[in-house]
Amino acid sequence: MQCPACAAAMTALTLDGHLGTKVDLDLCAACQVIWFDRLESPRLSPGATLSLFRTISERKQMPPPPLVDPLKCPRCDLRLLLTNDRQRNTPFRYRRCAREHGRLITFFDFLREKDFVRPLSTGQLADLRANVQMINCSNCGAPIDLTRASGCAHCGTPLSMLDLNQIEGMAAHLRQADEASRTIDPTLPERMKREKEAVDSLFEALRADAAGARPASAGLVEMGMRLVAKWFD
């Protein structure tokens, strides 16, 4: 499949879905986007969500290039429609095919959909401004002048960072759900066990590294992803 953004060949992945099903998706690392056929993102199993989080952490080292509309469905060439959605209290958006062939979502919005990132609090924003004047948007890559703004003027995304507490809570929930699913489907891949063991040892070291990290000109989400990728090696 060709990427709707850059027309390069996308990487096809097959991950586990609920109740022994499979979920096919296509990923473009250069544009940092994922194509899900139909609405397959909610069908990802807990272990598959962890696996895809790992894949994103290995590839999201810098903010992405901005997506330029119109983008067309890779299945039928129809223009993709920008759609706003919400998962719990977290807004996210994606581009969908009106013929229901699938949807295109950025790495950043997939992380928002799964509650892995959150906006900075007022105090965190003040601390950031005390040390850094310019940072890049983790959603579209545009520069943000912290002396004048607290969000991206290009795409409207507020400054966001990886929520370590949320990741820890989500990972614990995913581990529990994954263990429960094994009683139904014993064929889930062995790599899920290894990934859960890696997650168990991730958070204490991740917090220690994050405590000494200084924001750079990349993006706050990318900084967190670099730490995550290191512990998934």
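A: D37 finds its bridge partner in β6, at G102. The model is predicted: local features need pLDDT of at least 70, side-chain atom pairs count only at pLDDT 80 or more, and totals for chains, interfaces and linings use all residues. Numbering runs from 1 along each chain as its sequence is written, and side-chain values use heavy atoms, leaving out hydrogens and water.

Five antiparallel bridges link β3 with β6 (residues 102-106). Strands are DSSP E runs of at least two residues, helices H or I runs of at least four, both numbered from the N terminus; two strands pair if DSSP finds at least two bridges between them. β2 also runs antiparallel to β3, joined by four bridges. There, C28 sits opposite V33. Four residues separate β2 and β3 in this hairpin, and Q32 in the turn has a positive phi of about 55°.

Now the faces of β3. V33, W35 and D37 point one way, I34 and F36 the other, and all are buried (under 20% relative accessible area; exposed is over 50%, partly exposed in between; 1.4 Å probe, protein chains only). In a regular strand, side chains alternate between the two faces of the sheet.

I34 and F36 are among the residues with the most contacts inside the largest nonpolar core, which has 23 residues. Such a core is a set of buried Ala, Val, Leu, Ile, Met, Phe, Trp, Tyr and Cys residues joined through side-chain atoms within 4.5 Å. β2, β3 and α1 (46-59) are among the elements that each supply at least two of its residues. In α1, 11 of 14 residues are buried, including L52 and I56.
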